[in-house]
Amino acid sequence: MEAPICLVENSNDELKVNPKALQILTSIDKPVVVVAIVGLYRTGKSYLMNRLAGKNSGFSLGSTVQSETKGIWMWCLPHPSKQDHVLVLLDTEGLGDVEKGDPKNDSWIFALAVLLSSTFVYNSMNTINHQALEQMQYVTELTKLIKIKSSPNVVGEEESEEFVGFFPDFVWVVRDFTLELKIDGRPITSDEYLENALKLSKGKNPRVEMANLPRECIRKFFPKRKCFTFDRPTNDKSLLAHLEDVPESQLEASFRTQTDYFCSYIFSNAKPKTLSGGIMINGNRLGKLLETYVKTISSGDVPCLENAVLSLAQTENPAAVQKAAQHYVEQMALKVDFPTETLQDLLSIHTECEKEALSIFMKHSFKDDTHKYQKDLVQILETEKYGFIRQNEEVSTKYCQDQLEHLSWSLKEAISEGTFSVPGGYNIYRKEREEIINNYHQLPRKGLKADEVLQRFLESLAVTEDSILQTDQALTEQEKALQAEQIKREAIEKKNELLKQEQVEMQQNMEAQQRSYEENMNQLKKKMEEDTNKLLEEKNMMLESKLKEQKQLMEEGFQKKAEEMEKTMEDLQTKIKVAEKNKSNGFCQFLDALGTLLMVLLPGAGKFVGLGLKSLGNLLS
Ligand SMILES: Nc1nc2c(ncn2[C@@H]2O[C@H](COP(=O)(O)OP(=O)(O)O)[C@@H](O)[C@H]2O)c(=O)[nH]1
Ligand SMILES: [Mg+2]
């Protein structure tokens with residue numbers, strides 16, 4: 001992108017997604033690292049974001065444009081250090097600026113920045129003092145603006161406790177920082193400075209509680225915190241007003257070092273955006289999430305993360321099925337050399353391509369809890385497979401028929417000219433017939449219908465053949481009877497061979513279905529294992545941060561608040577136990593549910609080796 005574009009417009013009391021920006025976002029299929037900046041107007045946010053973009057200008061600075069559109073501005077750039085990632089910078093415009101209209105939607109802009117970003121930067125001026133924290137009122141409203149679950153909560157379970165699992169990393173940036181980083185004469189880091197500012201004040205009166213609220217919220221919702229302090233960019237007041245025109249060399253050296261440090265921290269530490277459960281978010285998914293959120297807000301509702309994930313799954317899962325099926329069809333067409341010598345040759349390639357298709361599906365799908373989409377894919381692949389089997393047969397049949405027609409042309413000519421209707425004609429006929437069969441056998445790459453087509457060809461000659469035999473005066477009646485008998489025997493033998501081939505092919509089809517079944521079960525199991533590991537990692541991290549917060553509260557002397565955390569931590573531990581239990585019993589119940597669905601589509605798997613489906617599920621675990 002050459003320049004930033006307005007992504008969410010906040011005007012006339014209404015939030016609107018800019019379709020043009022949405023189109024840019026949804027066309028990005030790479031994972032996105034999303035850095036959003038929020039804070040009071042005219043505190044140098046846009047200038048800092050431009051530095052992240054490595055540009056002097058881009059997001060408009062307050063000094064140059066009087067009335068930029070309020071809302072969220074977006075700039076998508078190739079990530080400077082993470083290959084195949086896109087850096088999405090989100091700048092918010094006009095927060096707390098009464099001149100730029102109704103501040104009613106400011107809280108929504110703040111909430112959207114939290115929901116969309118993977119690193120959330122809060123920008124303020126001078127020091128993190130009482131006033132700066134008061135301006136962070138938006139953070140206290142988040143509990144009213146974001147829902148995690150769609151169903152009402154169990155009484156006593158506070159939903160915001162789960163924010164931790166979904167929220168971005170938090171960075172507080174202090175501009176024109178005027179203090180010395182010291183406590184009681186001891187030098188401290190900027191992170192310690194932030195933590196110190198977030199310490200709760202003692203006292204029971206409403207004023208203290210009000211002051212503590214944003215601190216508590218930041219600590220609770222954003223366990224991963226970082227702070228950067230910046231000096232004034234220049235001490236020349238006339239330059240400050242239009243920093244975008246000031247060359248790098250005229251900026252204070254300390255400011256340059258600090259911004260460089262900030263940028264390199266963001267580039268190496270800001271994570272790609274994910275949703276709970278490790279769902280990777282690319283530009284496309286981020287765009288869809290944004291649409292869902294804004295639609296919900298406009299309808300007067302509160303965005304719900306669970307619903308947003310579900311509605312994302314509703315478009316992503318069919319797309320995953322499509323992508324996987326397309327890969328299968330393309331690869332089959334590419335790898336199968338029609339006609340194959342045997343059915344098995346085709347089925348082996350099928351198994352290989354099916355495996356790849358399934359792993360594409362597993363990679364792109366999520367929350368397919370009822371296995372609906374996996375089932376859809378199996379169904380499509382089965383249909384496509386039979387299409388290829390049929391095509392394979394048709395190509396073989398056609399080729400064999402053409403070849404036989406060509407080889408038998410002179411024989412048929414001779415028959416119609418009566419060449420064999422002479423004494424001894426039958427033996428001459430037999431020789432030519434043998435030669436055709438021999439030549440046919442010599443032909444390469446006839447495919448799996450070679451015998452069947454030959455058999456049908458020979459059957460088509462039977463009547464003529466018999467009449468040549470019966471009218472051949474050089475043969476005795478007994479010889480004729482013997483000959484006729486032999487022909488009959490041969491025909492039966494050939495029929496039996498064909499029947500055997502049919503049975504072998506049926507068996508091969510069943511074995512292929514058996515392999516499909518196992519591959520489906522295996523890949524689902526693998527995905528469940530990976531998802532559960534991610535979930536466990538997430539929950540353990542939540543638990544860890546809660547333990548840390550609890551310890552800190554105790555140290556600060558807030559015994560009661562620390563005790564109140566106990567219940568949430570117990571809930572978390574229960575969830576961890578359930579996930580671990582599911583994992584240790586091999587996800588039997590989920591696999592059996594899939595197994596039941598698959599049996600209908602892959603009946604061959606069930607008939608095979610006489611195993612019941614339950615035991616098949618168990619075999620895998
Ligand atoms: N004092 C000071 N001014 C800055 C700083 N960064 C940018 N400015 C100036 O402050 C004004 C507002 O900057 P801008 O980035 O538009 O602020 P925003 O409204 O928060 O996006 C502009 O005139 C900038 O030149 C800074 O770190 N300190
Ligand atoms: Mg700005």
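Visitor: What separates Glu555 and Lys551 in helix 17?

Guide: In this predicted model, Glu555 and Lys551 are four residues apart in helix 17, so about one helical turn separates them.

Visitor: Why is the pair Glu555 and Lys551 called a salt bridge?

Guide: The term requires a side-chain nitrogen of Lys or Arg within 4 Å of a carboxyl oxygen of Asp or Glu. The closest N and O atoms of Glu555 and Lys551 are 4.0 Å apart, and the pair is therefore counted as a salt bridge. Glu555 and Lys551 are both exposed.

Visitor: What makes Lys525 and Glu529 a salt bridge, and where do these residues lie?

Guide: The closest N and O atoms of Lys525 and Glu529 are 3.8 Å apart, and the limit is 4 Å; the pair is therefore a salt bridge. Both residues belong to helix 17 (residues 477–555), where being four residues apart places them about one helical turn from each other.

Visitor: Are Lys525 and Glu529 buried, partly exposed or exposed, and how do you know?

Guide: Buried means under 20% relative accessible area, exposed means over 50%, and partly exposed is in between. Lys525 has 14% relative accessibility and therefore counts as buried. Glu529, at 30%, therefore counts as partly exposed.

Visitor: How many salt bridges does the structure hold, and which residues are linked in a network?

Guide: The structure holds 31 salt bridges. A network of them links Arg430, Arg433, Glu434, Glu465 and Glu490.

Visitor: What makes Lys224 and Asp169 a salt bridge, and which parts of the chain does the pair link?

Guide: Their closest N and O atoms are 3.4 Å apart; with a limit of 4 Å, the pair therefore qualifies. It links distant parts of the chain, since Lys224 is in the loop between helix 7 (206–221) and strand 10, Asp169 is in strand 7, and the two are 55 residues apart.

Visitor: Why do Lys224 and Asp169 receive the accessibility terms they do?

Guide: Lys224 has 39% relative accessibility and therefore counts as partly exposed. Asp169 has 11% and therefore counts as buried, the cut-off for that word being under 20%.

Visitor: How many disulfides are found, and how far is Cys217 from the nearest cysteine sulfur?

Guide: A search of the whole structure finds zero disulfides. For Cys217, the nearest cysteine sulfur is that of Cys227, 19 Å away. A disulfide requires sulfur atoms within 2.5 Å, and Cys217 is therefore in no disulfide.

Visitor: Why are Cys217 and Cys353 called buried?

Guide: The word means under 20% relative accessible area. Cys217 has 8% and is therefore buried; Cys353 has 0% and is therefore buried too.

Visitor: How many bridges join strand 3 to strand 5, and which residue of strand 5 is the partner of Val35?

Guide: Strand 3 and strand 5 run parallel and are joined by six bridges. The bridge partner of Val35 in strand 5 is Leu89.

Visitor: Why is strand 3 described as largely enclosed?

Guide: Eight of its eight residues are buried, so strand 3 is largely enclosed by the rest of the structure. Val32, Val34, Ala36 and Val38 point one way from the strand, and Val33, Val35, Ile37 and Gly39 point the other way.

Note on methods: Residues numbered from 1 in each chain as written. Chains lettered and ligands numbered in written order. Predicted model: local features only at pLDDT ≥ 70, side-chain atom pairs only at ≥ 80, totals over all residues. Heavy atoms only, no water. Buried < 20%, exposed > 50% of the residue type's maximum accessible area, 1.4 Å probe, protein only. Pairing = 2+ DSSP bridges.
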